[in-house]
Amino acid sequence: MKVDGQHFRTIWLHPTNERVVQLIDQRFLPHRFVVEEVSTVEQMADAIRQMHVRGAGLIGASAGYGMYLAAIEAAKTNSFDQHLASAAARLKATRPTAVNLAWAIERQLTGMAKAKTAREKIELALRTAREIAAEDEENCRMIGQHGLNLIEEIARAKNKKPVNILTHCNAGWLAFVDYGSALAPVYAAHDRGLPVHVWVDETRPRSQGSKLTAWELGQHGVPHTIIADGAGGHLMQRGAVDLVMVGSDRTTCAGDVANKIGTYLKALAAKDNNVPFYVALPSSSFDWAIRDGSEIPIEERGAEELKRADGWRNGRMWEVSLAPESSPAVNYGFDVTPRRLVTGLITERGVCKADEKSILELFPEHAS
C-alpha cells in the first residue's frame with residue numbers, strides 16, 4: 001500500500017544491511033510516520049510485546065525475522081541450538097493469542113534443524129523469513145479478490161449506491177505485510193471503482209480503528225467515518241450497515257474466531273439485524289489443533305491501557321489519566337465469536353462456511 005504516494009510494506013530488510021530489519025513503528029501513527037531499525041531478537045520481542053508492530057500476519061512476519069536475527073546471534077555463541085531455543089521462547093511469550101506468532105517460530109526452527117552449519121542455518125532462516133513475509137502479502141491479496149465478489153454482489157443489489165461496511169480494530173495492511181485481511185476486499189472494491197464506505201470502530205483501549213484503520217483508509221482515498229465502539233448496533237438497526245467484515249488472530253479448525261475485544265458484540269448485533277458477518281483471514285491464522293474457541297488463550301494486557309490514553313499536541317505525544325488511580329481494571333485483549341454467528345470465512349483459497357467440514361474442503365491437507 002502507499003503512504004503519501006510511496007509504496008511501503010510494514011516490515012522489510014535494510015536495503016544496504018541485511019542484518020537489520022526495518023519496520024513501521026505504529027505507536028506514532030497517525031501523527032508521525034516512523035521507521036524503526038531492529039538488529040537483535042530482544043529488540044524484536046520488545047517491538048511485538050509493546051505493539052510497535054501488531055496484527056496477526058505482521059506478528060508472524062516479525063517473528064520470522066526475529067528468528068533470523070536470533071540465528072545471527074546464536075552463531076556468535078558456544079551453543080547455537082540453546083540460544084535459538086531461548087530466543088524462540090522469548091518471542092512466543094510476547095503475544096499469546098495470535099497463532100501466527102508460534103506458527104512462524106516453529107517454521108523457522110523446523111527449517112534450521114535441517115541445516116548443518118551455522119552459516120547454512122542463518123541463510124535458511126533469512127530465506128524462510130522472506131518466504132513468510134511474501135506468502136502473507138500474496139495471501140492477503142487473494143483474500144481481497146475473493147472478498148471483492150461479496151462486495152460486488154451487494155453493490156449490484158443496491159444499484160450503485162454505496163456499500164456500507166463496518167469493521168472493528170485494524171485488519172488492514174498495517175496488520176499484515178501488505179493489503180490486509182478485512183480491508184483487502186475494501187481496497188480491491190475501491191480500486192475497481194465500486195462505491196464503498198467504511199464505518200470504523202474506534203476500538204478502545206488502544207484505538208487501533210481511529211488511529212490506524214482511519215489513517216490507512218484515508219491514505220488510499222476510501223470514504224470512511226469513525227464511530228464509537230458502541231455505535232455499531234445502532235447503525236445496524238437503522239439499516240446503515242450492509243456488511244460486517246473483521247479479521248482474526250486465531251480461528252479454530254471448526255470456525256470459532258478470536259479477534260479484538262468487542263468483536264463478539266458486533267457479531268451478536270449483526271445476527272439480530274440480519275447483517276452478514278464475515279471474517280477475513282489467511283490460513284496461517286487457523287489453529288488446526290484446536291476445535292473449540294474456549295481453548296484459545298486470551299491475552300490480558302496492562303490495566304494502564306484502560307485507565308490512560310495518549311494523543312498528539314504541540315508536536316509531541318502526551319499521555320493523560322482517564323480513571324481514578326485507585327480503581328482496579330482488567331484489560332482483555334480479545335474475545336471469541338462462536339461459529340454460529342459467522343456468515344463465512346474469507347481466505348486466500350476462497351470463501352467458506354465457518355464449520356469444520358467447509359474449512360477442510362478448502363484446506364484438505366489438514367484433515368486428520
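The legends below accompany several close-up views of a predicted model.

**View 1**
The largest pocket of the predicted model has a volume of about 600 Å³, and its lining is made up of 23 residues, with Arg27, Arg206, Lys211, Glu305 and Asp310 lying nearest the centre. Two or more lining residues come from each of the elements α7 (208–220), α10 (304–307), β15 (308–313) and β16 (316–321). Sorted by class, the residues around the largest pocket comprise 11 charged, seven nonpolar and five polar.

**View 1. Arg27 and its partner Asp25.**
Arg27, one of the residues nearest the centre of the largest pocket, forms a salt bridge with Asp25 in which the closest N and O atoms are 2.6 Å apart. The two partners can be read together with their accessibilities: Arg27 counts as partly exposed at 36% relative accessibility, whereas Asp25 is buried, with a relative accessible area of 2%.

Glu305 and Arg206, both among the residues nearest the centre of the largest pocket, meet through their side chains in a salt bridge with an N to O distance of 2.6 Å. Because Glu305 belongs to helix α10 and Arg206 to the loop between β7 (196–201) and α7, this pair ties together parts that are 99 residues apart in sequence. Glu305 counts as buried at 11% relative accessibility, while Arg206 is partly exposed, its relative accessible area being 27%. Through salt bridges that share partners, Arg95, Arg206, Glu299, Arg301 and Glu305 are joined into one network. In the model as a whole, the count of salt bridges comes to 25.

**View 2. The second largest cavity.**
By class, the lining of the second largest cavity has five charged, four polar and three nonpolar residues.

Ile298 is placed in the loop between β13 (286–287) and β14 (300–301).

**View 3. The largest cavity.**
The largest cavity holds about 160 Å³ of space and is one of two cavities of 30 Å³ or more. Its lining consists of 18 residues, and those closest to its centre are Arg54, Gly55, Ala56, Asn170 and Asp249. The lining of the largest cavity divides by class into seven nonpolar, seven polar and four charged residues.

**View 4. The second largest pocket.**
The second largest pocket has a volume of about 230 Å³; among the 19 residues that line this pocket, Trp103, Glu135, Asn139, Ser283 and Ser284 are the closest to its centre. At least two lining residues are supplied by each of the helices α2 (56–74), α4 (99–112) and α5 (118–157). The residues that line the second largest pocket fall into seven nonpolar, six polar and six charged.

The side chains of Arg107 and Glu131 meet in a salt bridge with an N to O distance of 3.6 Å. Arg107 lies in helix α4 and Glu131 in helix α5, so the pair ties together parts that are 24 residues apart in sequence. Both partners are partly exposed, Arg107 with a relative accessible area of 22% and Glu131 at 34% relative accessibility.

**View 5. Gly255 and Asp287.**
Gly255 sits in the loop between β10 (250–252) and β11 (257–260) and is buried, with a relative accessible area of 0%. From C-alpha to C-alpha, Gly255 and Asp287 are 9.8 Å apart in space, while 32 residues separate them in sequence.

Notes: Residues numbered from 1 in each chain as written. Predicted model: local features only at pLDDT ≥ 70, side-chain atom pairs only at ≥ 80, totals over all residues. Heavy atoms only, no water. 1 Å grid on protein atoms, 1.4 Å probe; cavity = no way out; pocket = protein on both sides within 12 Å on 5 of 7 lines; lining within 4 Å. Points joined across faces, edges and corners; volume = space filled by probe spheres on them. Helix = DSSP H or I, 4+ residues; strand = E, 2+ residues; numbered from the N terminus. Nonpolar A, V, L, I, M, F, W, Y, C, P; charged D, E, K, R; others polar. Buried < 20%, exposed > 50% of the residue type's maximum accessible area, 1.4 Å probe, protein only. Salt bridge = Lys/Arg side-chain N within 4 Å of Asp/Glu carboxyl O.
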